[in-house]
Amino acid sequence: MTQSVDTTAERRSWITTTRLCILISLFSISACSTTDNVESSLKTSTFGNENPVGPVDRTILDDMTGVVTQLFEPIDTTLQVNYANNDPLLQYFIDQLVDSGYGIQRVSADQGANYVSYTRDLSKADGTNMINYRVSIGAVEIARDYSVPRKNIVAPASVYQLSGTRESVNIVDKPSGRKIVNDPSLSQAQYFASLELDEQAPVISLITPQLVDQVSARSANGPSLQALNSSKIEVNNLFYGGSSTFSSLLDDYQRVHRQVIVFGNDSMVLGDTNKSLIDQLVESEFRNGDIISLVGCSNGATSLEIGNEGLALGRAKRVTEALMNRGIAREYVLDEGCWAPVSAGDAFPSRGVVLELWRESA
Amino acid sequence: MSTVRMFTPHAATLLIALALSACTTPGAKVGVSTDALTPRITSEPSVLADTDAVERARLQLVATNLIATLVQIPEMRPSTATLQVSTPQTVFGHALLRALEDAGFGMQLVSADQGTNYVSYSKRLSETESGEVTDYTLAVGKIQLSREYVVNGDAVYPSSLMNISGTDSIADISLADDIFIEQGGDGSAFISGAIGNGAANSDLQIITLDVNDFDELPQDKRTRQDLVFAEARQRFFEKDAERSAPNLDQFDKFRRTVLIFDDSTTQMMGASNKLAVRLLVRQFSDEDVMVIKACQAADGADNASMTRAIRVKEELAGLGVPTQASYIAPCARTSYRHASDNSPTPVELIHYRPN
């Protein structure tokens, strides 16, 4: 009996020890395998967040890809994307762009002329989930609202809003198992000014020696010689003659159209007639790649505190905004001014903006 | 005492010792994950999965060495060059494409060999009197790099000079060969240097690098691939600045703007700065010069400001300003800024025109 107890105790001890050994061995082996998998410090940032992109977002991003391919030629275009951004939606979008033939450059910050970013805002309207997508590629923005009436079903809820381009795009909203089209009139693009009107943009100063000499030679009481235009670029007062601040930019261009927009006295209000003239210019005359130069003028007495300078450049800015609202990128609008308390004679109108359309020489 | 009782402690000790000793030998092995070698643009996951992690690490080193050389060739500046690639079918192909991506090249997926910068590569094993050597070749358009490497245990070392053809601009290239020393070695040595178009060039320095066991660095202390590329690119820009310093007496200042970076470390320019650069570049003509003044350090060794200057130079290049037409000015001391100041940081950009 005693022997039996002793044997049982020994067995228990043996079993316990064996278990312990097995555990230690397993632990050691697993530790070994962990060490085996130590990754080299040469490993770069990981990517490929495996979170799946839902059908709603896939449908919207496929739509966006269709518009992007009409705005940028895939074979000739390289898009930049931040390599640290592992956002699955962006990854999915980039995959679609790669499949479309675009070159993709992974950058460390926001380098490049065609840097890609997007925002996705969720909201509710009348109890329906809404998604607003805004994709930016360089200076071009593409935005649209979508509603999500049912799970995994999406419906366009606005027209496409494009800014920074006047390229015409063909919007085809084809109904599918994941997409319904409630309002066919939304299948179009409208051109808008960018919502980011870069008020914080750095000033670009003119610093030519001639200008410095002129400034020192002129009386301080006369009209100023230069001021900032709507892009915060310092421009010359064309009242004094001389060439346009942007003349070198137009070396390879020829003027194809000219018109004058007349403003009311001491006014920067465009009015319906002028808006319609601008519409005609943009719709009928403007082609992609054209440049619009405009000179805002205020020559003569004014009772406004901003003076002739403020009035002239304000008018130029007002027309610039109107052009941008119709989808023309800021880069393609060169605005300057002409201001003085006296008439400029035949050279410039007293209260108007001279618009000239320039096209690259064949 | 029973036999079982006597045996038990010895068995336990033996098993523990066995387990621990088993742990030490393979524990020295290193490797990289399949993720680290997977190009984002296209890949064949099964190819990588079937390969040993150590072999992947060796190939990553070889790819790093080749691409760090490529980014210093003026025609192959990552900020402006877009390369055409096909889906890789080998581990070396994966390592190369991933390295090209991480170096900042634009990558375009093509079905065949379309494009002027089509990427092709090869790996050839040779049995020589010195043992087995592997010759790795990378070709991008007309530019070709090739070098032999030899495997020694878990490590890989160069066994020939880097042969660069298809470009005349190799005098300033500095090879990233230190990454091989970090693996450690048994007192051996390898040759370091480059030759152009298969011929020796007196401008190029050829040296021998020793590798000893005390050179071995722990994995987490070795130079990361992205840092290797960043250093190589920075070296290129520094050399380029020395090479292309314009005589500003022959130019007049035309325009000037000041870009503000949010802090002293960021590379993000932001939409406003990018717009200002776009507007400034709009009036850039062939003979013009852009001067970038970013460095405000008294001793001229401000790496952070050099990085910002390079960032602006890359932005200019992305907008079509040739590398040789933009110039990073030497440091100019400012008295108002302390080295630890992390407030918004200015970079002055001046547009010059011939007088």
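Of the 355 residues in chain B, 41% count as buried (20 or more other C-beta atoms within 10 Å of a residue's own, with C-beta atoms placed from the backbone; exposed is 12 or fewer, partly exposed in between). This is a predicted model, where local features need pLDDT of at least 70, side-chain atom pairs count only at pLDDT 80 or more, and totals for chains, interfaces and linings use all residues. Residues are numbered from 1 along each chain as its sequence is written, with chains lettered from A in the order in which they are written.

Chain B holds 9 helices and 14 strands (DSSP runs numbered from the N terminus: H or I of at least four residues, E of at least two).

| Strand | Residues |
|---|---|
| Strand 2, chain A | 103-107 |
| Strand 2, chain B | 106-109 |

The two copies of strand 2 pair in the antiparallel sense over 3 bridges, and Ile104(A) has Met107(B) as its bridge partner there.

Over in strand 5 of chain A (residues 140-150) sits Arg144(A). Arg144(A) counts as buried because it has 23 C-beta neighbours inside 10 Å. Gln161(A) is 17 residues from Arg144(A) in sequence, yet 6.2 Å from it in space, C-alpha to C-alpha.

Technical notes: Two strands pair if DSSP finds at least two bridges between them.
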